[in-house]
Amino acid sequence: MKTLSSTASATKVKSSNTCEHVPVRYPEVVLCLEVYHNERTWMKSQEFLVLGQQTLTELRDKIYCSTDLIMRKAEQHDPSAYFLIEDVFCNDLREPSAIDYSGPIFHWLKNSKDEALKKWKYIISGDLQNKEKGLLDDLTTSTLPDFKAVDMHKTRFCDLQFRLGAGYLYCHQGDCKHMIVIRDMRLIHPEDVQNRAAYPIVTFHLKFLLRKCSICRIYGAKKVTVDDKWAKENPCYFCDNCYYLLHYSQDGSLLYNEFSVYDYHQDYL
């Protein structure tokens, strides 16, 4: 791990409710890591305290994204994922059905070097903010980075080189992408949680603004209909009770089908 400046104070957080207790091994560092929303890319959705000796899969398993819920509901969940940190693709291949997402990228880099170099030059010397340019001053535009791939579950944060404040990539469910930022790094403090099993610790989670049912205005929406002739809005949001009262008879038969209906998953609004 590169030597980086750190802060002296510890962040006071409550320990999780885990029953297991694993003492922290010294010396140890604590990283403050931010995860940003996949669509509202400017919006921080979660923040964690992670130990330097933890693997990247331990962080990945704590990241919340509604896309995971939707894909599980549709029975199309993909266990594959990667973090791209500097020039290292960290692939999650724990499940037998997982796919190496970095494979097609390496194939493209090998067979389309000129195009890849052109895009890399644009990234490095394009319309970047001054802060971003400062982070990339030591990189050359004449050659591509020497990208490599490693197994996420075998890679610890202390095995990687990274820059504080730089934006890195977390990709899962095919093409759902989040920016991650390692904001701070410091030595662990006696006032920090001393149970390794409690980490990564969530220190921030963007709250949901609950979208309520458009009919009763009491319960949270579970269904959304489009082009629904009896609905008051288009699209229209329903709790389960109001949806079935409007669309089904007492014997359970559908009253009409001139509409589209989807499961609605609450997200950050």
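User: Let's start with the open sheet of three strands; what order do they come in?
Analyst: This is a predicted model, and in it the open sheet of three strands has the order 10-9-11, with antiparallel pairing. Strand 10 (236–238) and strand 11 (260–263) are the edge strands, each of which pairs on one side only. From one strand to the next, the twist averages 25°.

User: And how many bridges join strand 9 to strand 11?
Analyst: Strand 9, which covers residues 223–226, is joined to strand 11 by four bridges, and the two run antiparallel. Within that pairing, Val 224 stands opposite Tyr 262 of strand 11.

User: What sits in the loop between strand 9 and strand 10?
Analyst: Among the residues there are Asp 227 and Pro 235. Asp 227 has a positive phi, near 55°, although it is a residue other than glycine, and with a relative accessibility of 51% it counts as exposed. Pro 235 is joined to Asn 234 by a cis peptide bond with omega at about 0°.

User: Where else is there a peptide bond that is cis?
Analyst: The bond from Tyr 199 to Pro 200 is also cis, with omega near -5°, and Pro 200 is found in the loop between strand 7 (176–187) and strand 8. For context, most peptide bonds are trans, and most residues other than glycine have a negative phi.

User: Back to phi then: what about Gln 173, and is that one buried or exposed?
Analyst: Gln 173 has a phi near 50°, again a positive value in a residue other than glycine, and it lies in the loop between strand 6 (167–172) and strand 7. Its relative accessible area is 9%, under the 20% cut-off, so Gln 173 is buried.

User: Switching to cysteines, how many disulfides are there?
Analyst: The count comes to zero disulfides. For Cys 65, the nearest cysteine sulfur is that of Cys 176, 3.7 Å away, whereas a disulfide requires the two sulfur atoms to be within 2.5 Å. Cys 65 counts as buried, at 5% relative accessibility. Cys 213 is in no disulfide either, with the sulfur of Cys 242 being the nearest at 3.8 Å, and Cys 213 is buried at 0% relative accessibility.

User: OK, and the aromatics, how many pairs turn up?
Analyst: Searching the whole structure gives twelve aromatic pairs. One of them is formed by Tyr 244 and Tyr 248, which are tilted at 40° between the planes, with 5.1 Å from centre to centre. Both count as partly exposed, Tyr 244 at 41% relative accessibility and Tyr 248 at 26%. There is also an aromatic cluster made of Tyr 82, Phe 89, Tyr 101, Phe 106 and Phe 147.

User: Which rings have a charged end sitting over them?
Analyst: Examples include Phe 204, with the charged end of Lys 44 over its ring at 4.9 Å from the centre, and Tyr 256, where the charged end of Lys 229 sits 5.2 Å from the ring centre.

User: Last one, what about the chain as a whole?
Analyst: The chain has six helices and eleven strands, and buried residues make up 41% of its 269 residues. Of the contacts with a separation of 6 or more, 63% are between residues 24 or more positions apart. As an example of residues separated along the chain, Leu 209 and Gln 266 are 57 residues apart, with 8.1 Å between their C-alpha atoms.

Technical notes. Residues are numbered from 1 along each chain as its sequence is written. This is a predicted model: local features need pLDDT of at least 70, side-chain atom pairs count only at pLDDT 80 or more; totals for chains, interfaces and linings use all residues. Side-chain values use heavy atoms; hydrogens and water are left out. Two strands pair if DSSP finds at least two bridges between them. Axes are lines fitted to C-alpha atoms, for helices over the stretch in contact, and angles run from 0 to 180 degrees between N-to-C directions. Rings of Phe, Tyr and Trp (its six-membered ring) pair if their centres lie within 6.5 Å; planes under 30 degrees apart count as stacked, over 60 as edge-to-face and the rest as tilted. Buried means under 20% relative accessible area, exposed over 50%, partly exposed in between (1.4 Å probe, protein chains only). A charge sits over a ring if NZ of Lys or CZ of Arg is within 6 Å of the ring centre and within 35 degrees of the ring normal. Contact means heavy atoms within 4.5 Å.
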